Amino acid sequence: MIRQDCLKVDKVVDTTAAGDNFRSAFCVAHFVEGQSFEASLKYAVSAAAITISRVGAIPALATRNEVDNIVNNGSSAMEVIEDNKKKMERMMAIVKTTEKE
């Protein structure tokens, strides 16, 4: 038996698409990239942790970069989400500034 613990998130916002994201991330890691079963589970759990921390289905899906930050850098799901939120806010500020010009 192989066991993979879940990742802690500060707040579960919406579980929509978490299972879909888990399965697709596992399949990509295991069947496409040839990662071990254990590594693929960790990858899938990381993707699902990000997904449940956001609202919606497609907008909540984890990106490759987000999952890699958790798996490779030891970042928590919440750190990744907060970092991306800050990046998005900076991008929106730039867009608003350019729209005014």
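Guide: In this predicted model, F26, F31 and F37 are joined into a cluster by ring pairs.

Visitor: How many aromatic pairs does the count come to?

Guide: The count comes to two aromatic pairs. A pair of aromatic rings is described by the distance of the centres and the angle of the planes. For F26 and F31, the centres are 6.3 Å apart and the planes stand at 80°, an edge-to-face pair. F26 and F37 are also edge-to-face, with 5.2 Å centre to centre and 75° between the planes. This pair links distant parts of the chain, since F26 lies in helix α1 and F37 in helix α2, 11 residues apart.

Visitor: How is the packing of the two helices described?

Guide: Two packed helices are described by the angle between their axes and the distance between the axes. Here the axes of α1 (residues 18-32) and α2 (residues 37-51) come within 8 Å and cross at roughly 150°. The two helices are therefore roughly antiparallel, as the angle is over 145 degrees. The crossing of α1 past α2 is right-handed.

Visitor: Which residues meet in this contact?

Guide: From α1, the contact includes F22, A25, F26 and A29; from α2, it includes F37, L41, A44 and A48. The residues of the contact comprise 12 nonpolar, four polar and no charged.

Terms used: Residues numbered from 1 in each chain as written. Predicted model: local features only at pLDDT ≥ 70, side-chain atom pairs only at ≥ 80, totals over all residues. Heavy atoms only, no water. Axes fitted to C-alpha atoms, helices over the stretch in contact; angles between N-to-C directions. Helix = DSSP H or I, 4+ residues; strand = E, 2+ residues; numbered from the N terminus. Parallel < 35°, antiparallel > 145°, perpendicular 65-115°, else oblique. Left-handed = near helix turned anticlockwise from the far one by under 90°. Contact = heavy atoms within 4.5 Å. Nonpolar A, V, L, I, M, F, W, Y, C, P; charged D, E, K, R; others polar. Phe/Tyr/Trp six-rings, centres within 6.5 Å; stacked < 30°, edge-to-face > 60°.
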